[in-house]
Amino acid sequence: MRISCPCCGPRDRREFTYYGAADYLNRPALDADASAWDDYLHLRDNPAGETRDLWYHDPCGTWVAVTRDTVTHAVIAAEAVA
Amino acid sequence: MMRYSGFRVFTQGLTGNTGWRAAWRKPAPKPEYDVVIIGGGGHGLATAWYLAKNHGITNVAVLEKGYLGSGNIGRNTTIVRANYFLPGNSEFYSHSLKLWEGLERDLNYNVMHSQRGLINLFHSDGQRDAFVRRGNAMLAQGDDAVLLDREGVRRMLPYLDFGQARFPIYGGLYHPRGGTARHDAVAWGYARAADQRGVDLIENCEVTGIDVENGRVTGVQTTRGMIRAKKVAMVTAGRSGQVAALAGMRLPIESHVLQAFVTEGLKPVIDHVISFGMGHFYISQSDKGGLVFGGDLDFYASYAARGNLPMVEHVMEAGMTLMPMIGRAKVLRSWGGIMDMSPDGSPIIDSTGIEGLYLNCGWNYGGFKAVPASGWALAHLIATGQPHETAARFRLDRFATGHLLDEEGTGSQHNLH
């Protein structure tokens with residue numbers, strides 16, 4: 001698996017650390033109720049097919065949102081989010 | 001009903017083995033059942049068996065989209081153990097191991113359960129302290145645990161590399177009642193036993209919808225037509241999210257791929273199950289002679305049932321670090337299983353917000369050894385409406401309420417357990 005880092009170009013999967021679903025981008029407000037935090041931390045759509053998740057590119061420190069297929073492992077798109 | 005015995009093997013041998021009959025029927029689905037179990041894997045089949053045996057509920061169908069045992073029950077590394085630490089997990093796996101010890105007699109089926117002993121290695125003083133605590137928790141639960149020092153490990157496992165500097169072997173926690181079992185035989189044994197009590201095992205029957213009326217489950221839609229049911233259990237670890245979505249549920253599960261490997265058959269060389277946690281490697285030798293080993297997840301969400309090469313390389317490196325002798329063995333095959341990873345590494349056996357609909361999922365790496373106790377607990381829940389005492393903490397709402405069972409203490413991230 002190779003992922004196109006928005007900063008460095010196509011790089012081997014070993015340079016990236018997987019964090020989790022892109023749900024992590026939608027952080028609730030600090031005073032949100034517990035169910036919003038449960039949603040954010042635990043509940044997942046977990047699709048078999050196209051998904052969007054967060055990877056950290058270790059060499060350049062870019063957080064990358066990767067659109068990819070969980071059935072074929074094809075990487076469809078990658079964009080910087082932080 | 002045909003009972004299996006040594007005498008029958010002998011007489012069949014004398015009569016050309018012409019008298020064996022199919023181990024279970026192939027019934028067409030009836031229009032209605034008391035209980036429909038979605039998923040003909042180990043957990044689903046065990047649930048059917050204990051519903052019949054413990055609760056006398058036999059108007060039951062097990063629906064399997066492929067063939068029985070075609071999922072993770074036939075794709076795992078077959079380890080059976082009860083070495084958990086946390087209250088909530090400890091009593092459950094302890095119960096499971098006791099059920100394993102009587103399973104062959106119970107099912108009249110040889111599942112080749114082999115209590116060859118399991119050794120978890122440790123490599124520092126801190127890790128030793130952690131294993132002492134774990135071993136004491138196991139003893140307090142009534143299970144067995146023996147702390148081995150370095151020489152103790154050397155006597156049992158002389159072939160390990162005791163000279164390596166990165167992870168020096170300080171000792172191990174020995175769990176003599178741990179071991180392995182033949183994985184597909186477990187599915188077949190439960191299937192045959194449940195079938196003999198009248199449970200319908202329906203293969204090639206994929207569930208495409210779950211019918212709910214006024215907050216109560218009424219049946220399922222399948223590729224073989226509609227089946228009405230008073231109660232429905234979703235027992236589809238690996239595909240839990242898709243099945244639960246049919247009932248409008250969103251689960252605290254992320255699916256990951258875990259790879260495993262088997263070498264060519266060798267003469268007996270590894271007598272135990274050995275776990276090298278620091279290196280992410282564990283190994284045992286099958287009765288056929290193949291070395292069966294694996295490591296960690298690939299760490300990204302996947303349904304591919306196959307992994308990528310970096311983890312293959314990592315597992316091989318870890319194996320060579322621990323026991324260089326296996327370097328001469330040729331790997332025959334590798335495969336990946338789809339793991340239901342939950343945010344705390346522990347499973348879910350619970351009712352849902354829909355009356356009559358039950359959920360069994362989230363087995364992470366460790367579903368195989370749990371099969372008997374999981375079926376027992378889910379059958380109890382379906383029959384009585386109350387969680388079984390050994391599975392009372394495997395609640396679906398524990399993530400919302402904060403009552404997590406984080407055995408490894410790695411936090412609420414699905415892939416870290």
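Q: Hi! How many bridges join S5(A) to strand S6 of chain A, and in which sense do they run, parallel or antiparallel?
A: Hello! This is a predicted model, and in it 5 bridges join S5(A) to strand S6 (residues 75-80) of chain A, with the two running antiparallel. Within that pairing, A:Ala65 sits opposite A:Glu79 in S6(A).

Q: And what about the hairpin of S5(A) and S6(A): which residue takes a positive phi there?
A: That's A:His73, with a phi near 65 degrees. The hairpin has 5 residues between its strands.

Q: What joins S4 of chain A to S5(A)?
A: Strand S4 (residues 50-57) of chain A and S5(A) are joined by 8 bridges and run antiparallel. A:Arg52 stands opposite A:Thr67 in S5(A). These strands form a hairpin too, with 4 residues between them. In its turn, A:Gly61 has a positive phi of about 75 degrees.

Q: OK, and why is S5 of chain A largely enclosed by the rest of the structure?
A: Because 7 of the 8 residues of strand S5 (residues 62-69) of chain A are buried.

Q: Switching to chain B: what is the order of the 8 strands in the open sheet?
A: The order is S5-S6-S4-S13-S14-S15-S12-S16 in chain B, and the pairing is mixed. At the edges are strand S5 (146-149) and strand S16 (331-341) of chain B, each pairing on one side only. On average, neighbouring strands of this sheet are turned by 20 degrees against each other, direction ignored.

Q: How do S4 and S6 of chain B pair?
A: Strand S4 (residues 118-122) and strand S6 (residues 171-175) of chain B pair in the antiparallel sense over 5 bridges. There, B:Leu121 is opposite B:Gly172 in S6(B).

Q: Which strands does helix H5 of chain B lie across?
A: Helix H5 (residues 125-140) of chain B lies across S4, S5 and S6 of chain B, and runs at about 150 degrees to S4(B). Helix H9 (residues 309-322) of chain B also packs on the sheet, touching strands including S4, strand S12 (254-265) and S16 of chain B. The direction of H9 makes about 135 degrees with that of S15(B).

Q: One last thing: where is B:His95, and does it count as buried or exposed?
A: B:His95 is in helix H3 (residues 90-101) of chain B. B:His95 counts as buried because its relative accessibility is 16%, and the cut-off for buried is under 20%.

Q: Which residues does B:His95 touch?
A: Leaving out residues up to four places away in sequence, B:His95 touches B:Ala373, B:Trp376, B:His388 and B:Thr390.

Conventions. Residues numbered from 1 in each chain as written. Chains lettered and ligands numbered in written order. Predicted model: local features only at pLDDT ≥ 70, side-chain atom pairs only at ≥ 80, totals over all residues. Heavy atoms only, no water. Pairing = 2+ DSSP bridges. Axes fitted to C-alpha atoms, helices over the stretch in contact; angles between N-to-C directions. Contact = heavy atoms within 4.5 Å. Buried < 20%, exposed > 50% of the residue type's maximum accessible area, 1.4 Å probe, protein only.
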